[in-house]
Amino acid sequence: DPTAPAPTDWLNDSTMTNYMVLINEWCVSNNVKVHCLNSFFGTKLMEAARGTQRDAFTEFNCGLVKRWSRAKKPGGFDLFSLDALMFPWNVNGNHWCLCVINVTRRRLEMWDSLRSACGGSMRRTMFKAMAAYARNEARAHVDAGNFAEFSVHPAMDVPQQTNVSDCGIFTCKFAEFIAIGISPRFVTPDLMLQFRLQMSYR
C-alpha cells in the first residue's frame, strides 16, 4: 500500500501479501533459502484440515493447498530444498500471526504477538495442519527423512503487543527477521511506529 499504516491501522491481506513478496525478492537476491506464502495459504490450510475429532485429523485435503508448492511453476517451490517456509495466518479474521515450517531445525513454529487471540484448540489444529501438509510434501522426497522428527515449537517467549492493532506489523517483521537471520525476539513493541514508517517506504 502506498501510504504508511497509521499507528492504529490493522494491516489487510493485500499489505501482508505484498510484504511477503518483498521478503521473497530479498531472499532470491541474496540466495537465502526461505520462502513466504501469501496470506490465503493459512486459510486454505485450515480448510484442508477440516474433519477433526478431538484435535486428531480424520482427513486432510491436500488438494486445496497443492498448487502452492508446484516447484516447476513460476513462484513455486520445493519445501525440502528450503531452510524454512513461512506464511501469515489470519486467525478468525481479526488477528495475524506467523507460522513457520522450519526444515533446517525440523520443527513447526508459531510466532504470535497476542497469544490470547488464538485459542489452544485452533493453535493445535494449525500445527496438525502444518504437519499434515509437510508430511504430504515429504512423500515425493526419498531423502526428506521421517516427519516424526519435526517437533512443535509454539514460541512461548514471543514479544507481545501492547494494543489490538499491531499484530500485522509484528507478523511481517517476524518473517523479515527470520529471513535475514535475526531472532524475532528483537521485534519489540517500542519499535512498532518505526517499523510502520519503514514499511511505508518499501
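**Close-up views of a predicted model**

**View 1. Q161 and its polar partners.** In this predicted model, a polar atom of the Q161 side chain lies 3.5 Å from the backbone nitrogen of C167. The side chain of Q161 also meets that of S113, through a polar contact of 2.5 Å.

**View 2. The surroundings of Q161.** Is Q161 buried or exposed? Q161 has a relative accessible area of 8%, and because this is under the 20% cut-off, Q161 counts as buried. Setting aside neighbours within four places in sequence, the residues in contact with Q161 are H95, S113, L114, D166, C167 and F170.

**View 3. The largest pocket.** Here we turn to the largest pocket, whose volume is about 250 Å³. Its lining is made up of 16 residues, and those nearest the centre are N102, R105, E109, I178 and P184. Which strand gives the most to this lining? That is β6 (residues 107-111), with 3 residues. By type, the lining holds 6 nonpolar, 5 polar and 5 charged residues.

**View 4. Confidence along the chain.** The average pLDDT of the chain is 82, and 81% of the residues score at least 70. Among the elements, strand β1 (residues 34-36) has the highest mean pLDDT, 96, while strand β2 (residues 52-53) has the lowest, 47. The pLDDT is below 50 over residues 52-57, a stretch that has 14 contacts in the model beyond near neighbours in sequence. A friendly caution for this view: where pLDDT is low, predicted coordinates should not be read in detail.

Note on methods
Residues are numbered from 1 along each chain as its sequence is written. This is a predicted model: local features need pLDDT of at least 70, side-chain atom pairs count only at pLDDT 80 or more; totals for chains, interfaces and linings use all residues. Side-chain values use heavy atoms; hydrogens and water are left out. On a 1 Å grid over the protein atoms alone, a cavity is a set of points where a 1.4 Å probe fits but cannot get out, and a pocket is an open set with protein on both sides within 12 Å along at least five of seven lines; lining residues have an atom within 4 Å of a point. Grid points are joined across faces, edges and corners, and a volume is the space filled by probe spheres set on the points. Helices (H or I, at least four residues) and strands (E, at least two) are DSSP runs, numbered from the N terminus. Ala, Val, Leu, Ile, Met, Phe, Trp, Tyr, Cys and Pro count as nonpolar, Asp, Glu, Lys and Arg as charged, and the others, Gly among them, as polar. Buried means under 20% relative accessible area, exposed over 50%, partly exposed in between (1.4 Å probe, protein chains only). A polar contact is a pair of N or O atoms within 3.5 Å; within protein, one must be able to donate a hydrogen and the other to accept it, and residues adjacent in sequence count only if both atoms are side-chain atoms. Contact means heavy atoms within 4.5 Å. pLDDT is the predictor's confidence in each residue, from 0 to 100.
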